[in-house]
Every structure is written in C-alpha cells, then in structure tokens.
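Let's take a walk through this protein model together.

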Amino acid sequence: MTILTLLDYASVLVFAASGALVASRAQLDIVGFAFVACLTAVGGGTVRDLLLDRHPVFWIGDSTNILLAAAAAVLVFFTAHLVESRLRWVVWLDSFALAVAVSAGTGAALLTEQPPVIVVLMGMATGTLGGLMRDVVCNEVPLVLKQGELYISCAMAGAITAVISIAFGLPTRWALLACAVVCWVLRAGSITFGWHLPVYRSRPPRS
C-alpha cells in the first residue's frame, strides 16, 4: 500500500464524516447520508483524476474508498444525535480532511510529473471541491467561500510548500507531510484565531 493510497483513504474517511454531519443538519434519510458522504469524499479526487487523465478514477480502481465513505455515513446516521455542536464538528473535520486531501492531490500530480503550477492546482482542487459540492447540495454556505476565513489559501499554501520542499531535495513523503501541516495550521488558525486575508471593500466612484 503506497503513501498516496493511504492519503486517499484518510481523506475519504474524514470528508465522508463531515459530509454525513452536514446531511444530519439537513435531516436527510440514510440514503441521503450515504450520497452526500460519498460526494464529499470522492468529489475533489474525481475532478483531479479526470483533469490529469488518470485511468481508472481512484475510487473506481479501488472500491474500498466508496465502502469507507458509506460506512462513515451509516455510523454518523446512528450517532450524530450524540454530538452537541454538529457545525463545529463539521468545521474541524473538514479542516483535517482538507489538509490530507491537498497532500493526496499534490502527490498524485507529482506522480504524473506535472509542472509545479499544475501540481499546486491539483492539490487545491482535490482539497476543496468535494466540500464545495457537499455544501451546495445541502444548501449550506460553502466553507470554501465563507467570507473572512482562510480556506482555498490554506490549500494553495500547502501545495506550494510541497513543491518548494521537493525543489530543495526533500523526499516526497516528507514534502507531503509538510504540505498537510502547513495547510492544517493555517486553517486551524483561521478557525481559532480568526486569521483571514483582506476582503474587498467597495468605494464610491471618484468624481
């Protein structure tokens, strides 16, 4: 089992749990839970593999990914009522899944020997698109676009860290670990301390 396979499994499991928790907030049935969990878990990786022309798509080549996502959905369906603040759990689970998924996407692009800009974009796509699909389907404000929070920028910073680390001779596994750490620390700081980028403020036109 390769490090990329482990990263895919980990991101699928955690993203599926976050998707199922969002499904619980929308009060869906168990099939709805499974659908949202699977969509969240494999959405970003599917887009990544299609854009990189990787065949088969990772969850078709290894159906364990879908089984993990479905199992997470069933578990959350029967235990979500025990969680006091499901939104907070969604936010924190999503932060862990983001860090792992960005590493997985970055590693997949590196494996296909893509140029650095494509590696960064594939890492960002893998980490952010599944959560975006989840929130749109469940009629939630997408975390990826929430004003005043770091999210896409965390994914970009993590992927850039991996690319720079490899350029300086760091082994790929350590570069991907650095990617995940940078991504998660920035996201956790945004959640905990309110770190954010400046937002656009409209100004009256000059006369």
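## Salt bridges

The structure holds seven salt bridges, a salt bridge being a side-chain nitrogen of Lys or Arg within 4 Å of a carboxyl oxygen of Asp or Glu. Keep in mind that this is a predicted model, where local features need pLDDT of at least 70 and side-chain atom pairs count only at pLDDT 80 or more, while totals for chains, interfaces and linings use all residues. Residues are numbered from 1 along each chain as its sequence is written, and side-chain values use heavy atoms, with hydrogens and water left out.

Start with Glu140 and Arg25, whose closest N and O atoms are 3.2 Å apart in a salt bridge. Glu140 sits in the loop between helix H6 (116-137) and H7, and Arg25 in helix H1, so this pair ties together parts that are 115 residues apart in sequence. Helices here are DSSP runs (H or I, at least four residues), numbered from the N terminus. Glu140 is partly exposed at 23% relative accessible area, and Arg25 is partly exposed too, at 37%. The cut-offs are under 20% for buried, over 50% for exposed, and partly exposed in between (1.4 Å probe, protein chains only).

## A buried trio

Which residue does Arg134 meet at 2.9 Å, N to O? One partner is Asp94, through a side-chain salt bridge. Arg134 belongs to helix H6 and Asp94 to helix H5, so the pair links parts that are 40 residues apart in sequence. Arg134 is buried, with a relative accessible area of 0%, and Asp94 is buried with 0% as well.

Arg134 also has a salt bridge with Asp135, again at 2.9 Å, N to O. Asp135 counts as buried at 3% relative accessibility.

## Asn65 and Asp8

Now find Asn65 in helix H4 (residues 64-79). Asn65 has 2% relative accessibility, so it counts as buried. Leaving out residues up to four places away in sequence, Asn65 touches Asp8, Tyr9, Val12, Phe58 and Trp59, where contact means heavy atoms within 4.5 Å.

Asp8 turns up again in a network of salt bridges, linked with Arg48, Asp49 and Arg54.

## Helix H8

Helix H8 covers residues 172-193, and its 22 residues should span 32 Å at 1.5 Å a residue; the end C-alpha atoms are 31 Å apart, which agrees. The expected span is 1.5 Å times one less than the number of residues.

Among the buried residues of H8 are Ala175, Leu176, Cys179 and Cys183. The buried residues of this helix pack against helix H1 (3-25), helix H5 (86-111) and helix H7 (152-167). Just after H8, Gly194 takes a positive phi of about 80 degrees.

Definitions and conventions:
Helices (H or I, at least four residues) and strands (E, at least two) are DSSP runs, numbered from the N terminus.
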